[in-house]
Amino acid sequence: MKKEKTILRRAVPSQPKSGETSANGKPSGIRSTSKEEFEKVKRKVFTLHDGLFRRLAEHDRQR
């Protein structure tokens, strides 16, 4: 019994979510957001990074 191969493909939206386009007509990768939303995401990222660096430091101390 042969296994069938599954080919995963990235989902490509039929239309860009925002009206912004780059010079070549493709949707821009840059999205604008409010300052409050940016700060909220920034706090989450810094919290995650702090936890990861703490775990790395602990791992290095145990060596």
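## Salt bridges in the model

Three salt bridges are found in the structure, where a salt bridge is a side-chain nitrogen of Lys or Arg within 4 Å of a carboxyl oxygen of Asp or Glu. This is a predicted model, in which local features need pLDDT of at least 70 and side-chain atom pairs count only at pLDDT 80 or more, while totals for chains, interfaces and linings use all residues. Residues are numbered from 1 along each chain as its sequence is written, and side-chain values use heavy atoms, with hydrogens and water left out.

Glu 39 is paired with Lys 35 in a salt bridge whose closest N and O atoms are 3.7 Å apart. Because the two residues stand four residues apart in helix α1 (residues 35–62), about one helical turn separates Glu 39 from Lys 35; helices (H or I, at least four residues) and strands (E, at least two) are DSSP runs, numbered from the N terminus. Glu 39 is partly exposed at 24% relative accessibility, whereas Lys 35 is exposed at 60%; here buried means under 20% relative accessible area, exposed means over 50%, and partly exposed lies in between, with a 1.4 Å probe and protein chains only.

Glu 39 also forms a salt bridge with Lys 42, and in this pair the closest N and O atoms are 4.0 Å apart. Lys 42 and Glu 39 are three residues apart in helix α1, so that about one helical turn lies between them, and Lys 42 is partly exposed, its relative accessible area being 31%.

## Glu 58 and Arg 61

Another salt bridge joins Glu 58 to Arg 61, with the closest N and O atoms 3.0 Å apart. Because Glu 58 and Arg 61 are three residues apart in helix α1, they too are separated by about one helical turn. Glu 58 is partly exposed, with a relative accessible area of 37%, while Arg 61 counts as exposed at 59% relative accessibility. Elsewhere, salt bridges that share partners link Lys 35, Glu 39 and Lys 42 in one network.

## A nonpolar patch and the whole chain

Val 41, Val 45 and Phe 46 make a nonpolar surface patch of about 250 Å². Patches are made of residues with over 30% relative accessible area and no salt bridge, like charges being joined within 9 Å and nonpolar side chains (Val, Leu, Ile, Met, Phe, Trp, Tyr) within 5 Å. Val 41 lies in helix α1 and is partly exposed, with a relative accessible area of 41%.

The protein chain has one helix and zero strands, and buried residues make up 2% of its 63 residues.

Terms used: Accessible areas come from the Shrake-Rupley method with a 1.4 Å probe; for residues, only the protein chains shown count as cover.
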